[in-house]
There are 4 protein chains.
Amino acid sequence: MIITFKKDVPAIEVEKIKKSFSEKGLTVNLIQGTDFNVIGIVGDTSKIDTSSYEANPYVDHVTRVAAPYKLANRIYHPEDSIIKVGNLQIGARDELIIIAGPCSVESREQLWEIGSGVKNAGASVLRGGAYKPRTSPYAFQGLQTEGILLLKEAGAQFKMPIVSELMSLDKLDEFVEHVDLIQIGARNMQNYELLKAVGNTKKPILLKRGFSNTIEEWLLSAEYILNNGNPNVILCERGIRTFESATRSTLDLSVIPLVKKKSHLPIIIDPSHASGNWELVESVSLAAIAAGADGLMIEVHNHPEAALSDGAQSLKINNFERLMGKGKKIAEIIGRKVV
Amino acid sequence: MIITFKKDVPAIEVEKIKKSFSEKGLTVNLIQGTDFNVIGIVGDTSKIDTSSYEANPYVDHVTRVAAPYKLANRIYHPEDSIIKVGNLQIGARDELIIIAGPCSVESREQLWEIGSGVKNAGASVLRGGAYKPRTSPYAFQGLQTEGILLLKEAGAQFKMPIVSELMSLDKLDEFVEHVDLIQIGARNMQNYELLKAVGNTKKPILLKRGFSNTIEEWLLSAEYILNNGNPNVILCERGIRTFESATRSTLDLSVIPLVKKKSHLPIIIDPSHASGNWELVESVSLAAIAAGADGLMIEVHNHPEAALSDGAQSLKINNFERLMGKGKKIAEIIGRKVV
Amino acid sequence: MIITFKKDVPAIEVEKIKKSFSEKGLTVNLIQGTDFNVIGIVGDTSKIDTSSYEANPYVDHVTRVAAPYKLANRIYHPEDSIIKVGNLQIGARDELIIIAGPCSVESREQLWEIGSGVKNAGASVLRGGAYKPRTSPYAFQGLQTEGILLLKEAGAQFKMPIVSELMSLDKLDEFVEHVDLIQIGARNMQNYELLKAVGNTKKPILLKRGFSNTIEEWLLSAEYILNNGNPNVILCERGIRTFESATRSTLDLSVIPLVKKKSHLPIIIDPSHASGNWELVESVSLAAIAAGADGLMIEVHNHPEAALSDGAQSLKINNFERLMGKGKKIAEIIGRKVV
Amino acid sequence: MIITFKKDVPAIEVEKIKKSFSEKGLTVNLIQGTDFNVIGIVGDTSKIDTSSYEANPYVDHVTRVAAPYKLANRIYHPEDSIIKVGNLQIGARDELIIIAGPCSVESREQLWEIGSGVKNAGASVLRGGAYKPRTSPYAFQGLQTEGILLLKEAGAQFKMPIVSELMSLDKLDEFVEHVDLIQIGARNMQNYELLKAVGNTKKPILLKRGFSNTIEEWLLSAEYILNNGNPNVILCERGIRTFESATRSTLDLSVIPLVKKKSHLPIIIDPSHASGNWELVESVSLAAIAAGADGLMIEVHNHPEAALSDGAQSLKINNFERLMGKGKKIAEIIGRKVV
């Protein structure tokens with residue numbers, strides 16, 4: 001940690017701050033600059049609250065050198081984490097996992113048609129929302145428990161593990177019992193009580209990046225789960241919010257190599273929420289594979305014009321098949337096999 | 001609602017969509033353009049899922065004319081809402097409410113010193129965090145129930161209603177019992193289960209804007225609370241996230257007149273989280289008063305350099321007093337009295 | 001164009017506005033809504049200033065239905081534009097063009113080593129900056145005319161057309177004489193005098209997207225060039241500015257299929273400026289190819305640690321070769337050949 | 001400057017980099033951390049290109065301690081700069097300057113009516129655009145030389161210095177001859193050739209912040225002007241671009257105290273472009289005064305519904321008068337007088 005003092009700080013004030021660190025067992029180095037004095041603090045500073053130092057009127061700013069997360073940090077865990085979901089493994093460098101299914105579970109008929117379609121095209125995990133975080137209180141809120149049970153039945157039928165989004169603490173038991181991979185949605189990425197709760201299970205967690213959160217904040221949210229004892233975290237990027245409104249979100253695929261440098265956790269991409277428009281999903285999906293994603297999560301619907309949510313971004317089954325055809329070939333070139 | 005078709009849409013496809021609306025009892029008007037056909041749908045479209053229409057390959061885009069919120073909308077509720085908090089009223093055009101106190105309740109000694117200081121300077125509501133949403137799992141997480149009880153005792157002592165942040169469903173009863181004004185924090189603005197739960201009480205709710213949410217999304221979150229039967233919503237702006245990192249958030253005060261046009265709910269400003277830097281708080285606070293805010297919520301600490309959270313943005317008590325001196329005079333000029 | 005009136009607009013005010021449009025020869029359709037009145041204006045509205053209508057106190061908002069650009073619009077020009085640069089063609093659906101070279105031309109030795117390296121690896125256009133837009137006045141500003149002449153000589157030597165950035169009107173003649181493809185940089189995307197000036201030539205123009213400009217604004221800047229008589233515009237995306245600071249810019253590759261829907265102009269991707277970090281360039285480049293880019297522009301340096309600008313994002317020649325190896329194979333899968 | 005190395009950097013690589021700095025006459029301090037090695041470089045590093053160090057595969061990141069601008073930096077110029085414009089002074093702590101006038105000069109009649117109106121209401125500088133940077137090539141581009149001459153005549157008539165926007169190098173002489181305060185618009189904030197050119201004059205320059213530029217970049221653009229020998233720079237903030245589209249721009253007034261900390265240059269606020277909506281202008285203007293702005297620049301029109309540009313954000317004269325009435329009183333409270 002580096003503390004830069006303001007110009008003309010009295011020596012005694014520097015000493016006071018140096019002392020506050022040495023008392024915590026940290027080593028302090030002073031660099032006397034031309035205009036600024038700077039101190040470097042050596043040791044584990046992850047528990048230091050930088051804000052209280054910034055409150056000091058003689059301090060100009062505080063810069064962290066080390067990332068504030070430990071358990072999610074590749075430096076202390078150099079090998080890739082591989083997370084078991086049902087019989088699958090997510091995060092292996094030579095494999096690519098495709099998760100597909102409807103935005104919302106709407107009915108048995110709908111789910112079976114889509115489930116059968118995506119399974120045949122090569123998807124290996126079935127997605128489906130049962131509790132839906134909708135911006136408007138007047139929008140379809142999901143089939144809830146009925147949706148979870150239908151999804152579980154479909155998963156068994158098509159021999160696919162299932163993933164669904166958990167929105168609140170009071171449904172945790174239901175999810176632990178029925179769902180193979182528990183999704184924490186973008187809007188809940190910083191719902192710390194929920195993170196702690198899923199951290200107390202051993203279930204695989206799919207942690208979506210908040211649409212306005214930095215990569216560092218995302219890894220700190222993963223750290224909440226890891227720190228509570230659950231190592232089974234899979235990251236899922238779905239785009240961030242920017243000034244550009246021509247797409248629903250702005251998806252920067254360089255997040256894939258970047259996260260792989262900073263962390264050992266697997267990372268998958270959600271091209272559907274990123275683009276918000278089915279006409280863009282194929283391009284973005286192929287790009288994500290080429291960029292090295294460990295998996296994709298794609299919304300597919302048998303009849304998007306009648307979907308109760310997110311129809312605009314859902315692929316029809318035949319378009320999903322076409323995408324899978326190309327995707328498998330690109331995966332091969334970068335040394336991955338769709339499993 | 002306006003639907004713009006792509007060029008060369010077959011007439012039959014336009015008819016299908018027109019029919020889907022008339023079957024819902026809505027009136028449809030066709031405008032035949034030079035290059036585009038457009039239909040306008042008249043009636044209550046707030047429950048229509050626009051995404052399913054955008055899924056139609058013949059549709060270019062869908063535009064809402066009416067705001068998607070009803071209960072929060074000034075059009076259907078022209079007079080200002082005035083919300084009772086303890087003996088105070090928030091939202092009256094000729095009054096200005098100052099909420100002040102520490103970021104976190106840390107100890108009895110700290111809270112009493114700050115409480116006494118802000119009361120004397122003219123604040124009328126006491127704030128203090130007991131459950132803290134911290135980005136890092138290693139940061140101070142708050143005194144929890146002990147903090148709530150201390151805050152309640154301080155509120156009674158200084159005759160100030162109290163406000164504190166609720167982070168999860170399982171603490172709702174505790175807050176309903178002890179807290180006068182329940183804060184929903186920025187990170188939980190779209191935690192819909194929490195919104196529904198506080199909507200089922202009659203408690204005044206301070207709904208912070210998410211740091212990456214649009215004004216429309218914010219009013220839709222208010223709508224969740226109102227729609228569940230609780231009319232007592234106060235909006236609180238605390239800045240949004242942008243590319244500029246010189247301040248913690250970017251606070252646009254034009255949100256005040258804008259929200260007052262769109263909604264009848266009171267709006268207060270949090271200059272502390274917005275700027276993240278105590279040296280900026282006075283300027284921003286005076287500006288917020290001049291812009292017509294119904295209130296301010298300001299972080300004050302007796303010893304910011306030792307604060308367990310947000311020290312950098314906390315005013316010392318003497319600086320808070322100075323701000324109050326100027327703020328009262330500016331309030332007068334725009335016809336408000338600090339109560 | 002759609003104009004939505006405020007609630008309770010007097011009929012006479014609607015009439016006045018309707019009349020103002022009919023006097024311009026446009027057809028006006030009124031839709032009487034439950035709460036709002038809306039008028040739809042049919043005809044060429046591209047020259048209408050919407051702001052003056054928004055100034056009307058009875059108008060709530062104005063929405064354009066048609067894109068405000070005409071010449072860049074695919075609707076009026078359905079076939080792809082293919083732009084000739086030297087002996088190459090940019091924009092053909094089955095070809096992929098690789099532009100490579102140093103950020104800045106620094107010396108003959110540097111340029112020849114890089115030029116030879118990228119040519120051998122399969123690049124077909126040589127890039128090199130001679131006039132450099134640097135954020136700091138104290139940074140290296142480029143070799144200027146000497147750089148242009150060196151670049152021209154290297155282009156001749158390696159049989160590659162050359163591209164370089166034009167920063168001001170007074171150098172236009174120099175560029176027209178010596179440079180094959182004139183780049184307008186991101187910071188000048190809305191320098192309209194420069195756009196008009198290059199629009200008065202017939203030179204191919206590489207128009208970078210401003211790092212904070214919408215796709216619509218970008219196409220309107222292209223429209224300035226096209227409207228002045230120069231049809232040879234190639235678009236180049238280099239990422240936009242967002243709250244995320246872990247990368248230099250945020251690059252959303254869905255811009256490729258999106259721009260191809262909206263416009264007939266070719267689009268190439270600059271992965272170097274987008275990521276700002278050479279370790280990310282390979283992933284992003286492969287992704288851009290998979291997403292359907294018409295070309296890439298990549299910064300390559302023989303000795304990045306000694307580069308006078310943008311060393312951090314420059315690939316070494318061997319890394320560029322590795323990227324080209326994989327890139328060619330991915331291009332093949334989506335039906336393109338590197339030429 | 002601080003360089004953080006990656007974990008396990010070989011000692012020889014640290015030595016190489018240390019040597020590269022000592023050869024430039026800079027002092028280097030090594031801090032041996034638990035996981036990271038860090039070096040601090042002392043001396044004038046403003047001319048160091050950090051990117052080449054980041055290119056080093058052993059370097060994790062480079063952080064500047066000192067701001068990269070010198071002449072604009074308050075540290076080296078502690079007293080406020082006060083800039084003379086005609087007979088006025090901009091930047092004095094006890095004065096407030098109001099600039100007002102139309103977006104575009106449209107006609108003698110329009111300009112005289114507005115000029116007389118704003119003069120009577122208390123404005124002291126007359127604004128008017130003659131060369132207009134319009135997003136669309138089909139929009140009104142300004143009266144050009146005729147507009148400048150009309151503005152000059154109106155300025156003489158009403159005894160107000162005039163300000164207008166310069167868009168390209170070739171009109172510099174015209175502006176130097178006729179205009180009292182030369183505006184560099186937001187879109188040209190990083191048009192470095194234009195900055196150098198106005199830096200070679202002694203004219204007062206009004207430098208608008210680009211709508212997507214950081215405060216640091218803005219001050220570096222000021223540095224270009226100062227470094228070329230012109231000390232007469234006035235900064236003008238007009239809001240930045242964010243995800244929120246309910247206003248034209250997002251204006252954070254904490255920029256005022258922040259810029260005053262970092263720089264000695266005066267700062268004025270443009271509430272019209274910031275909000276894009278005349279109904280918000282009064283609130284934002286009063287807020288800017290309360291926040292400590294050295295001046296305001298406000299668009300006023302005699303007939304906004306017929307304005308050829310930016311009608312939506314233009315105040316009518318009577319609304320401007322009302323704003324001035326309140327603004328003067330708020331200015332008094334913070335110790336300023338409208339001159």
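Before the first stop, one term: a residue is buried if 20 or more other C-beta atoms lie within 10 Å of its own, exposed if 12 or fewer, and partly exposed in between, with C-beta atoms placed from the backbone. Helices (H or I, at least four residues) and strands (E, at least two) are DSSP runs, numbered from the N terminus. This is a predicted model, where local features need pLDDT of at least 70, side-chain atom pairs count only at pLDDT 80 or more, and totals for chains, interfaces and linings use all residues. Residues are numbered from 1 along each chain as its sequence is written, while chains are lettered from A and ligands numbered from 1 in the order in which they are written.

**Stop 1: chain B, 255–262.** Select helix 8 of chain B and look for its buried residues: B:Val255, B:Ile256, B:Pro257, B:Leu258 and B:Val259. What do they pack against? In chain B, the partners are helix 7 (215–227), strand 12 (233–237) and strand 13 (267–269), and from chain D comes helix 10 (278–290).

**Stop 2: helix 10 of chain D.** Hop over to that partner. Helix 10 of chain D has 13 residues and spans 19 Å from first C-alpha to last, close to the 18 Å expected at 1.5 Å a residue (the expected span is 1.5 Å times one less than the number of residues). Because 12 of its 13 residues are buried, helix 10 of chain D is largely enclosed by the rest of the structure. Among the buried ones are D:Trp278, D:Glu282 and D:Leu286. Just after the helix, click D:Gly292, which has a positive phi of about 105°.

**Stop 3: a sheet in chain C.** Here four strands make an open, antiparallel sheet in the order 2-3-1-4; strands pair if DSSP finds at least two bridges between them. Strand 2 (27–32) and strand 4 (59–63) of chain C are the edges, each pairing on one side only. Strand 2 of chain C is joined to strand 3 (37–42) of chain C by six bridges. Zoom in on C:Leu30 to find its bridge partner in strand 3 of chain C, C:Ile39.

**Stop 4: where C meets A.** Show both chains: 35 residues from chain C and 35 residues from chain A take part in the contact (C-beta atoms, placed from the backbone, within 7 Å). On chain C's side, the largest share, 10 residues, comes from helix 10 of chain C.

Notes. Contact = placed C-beta atoms within 7 Å.
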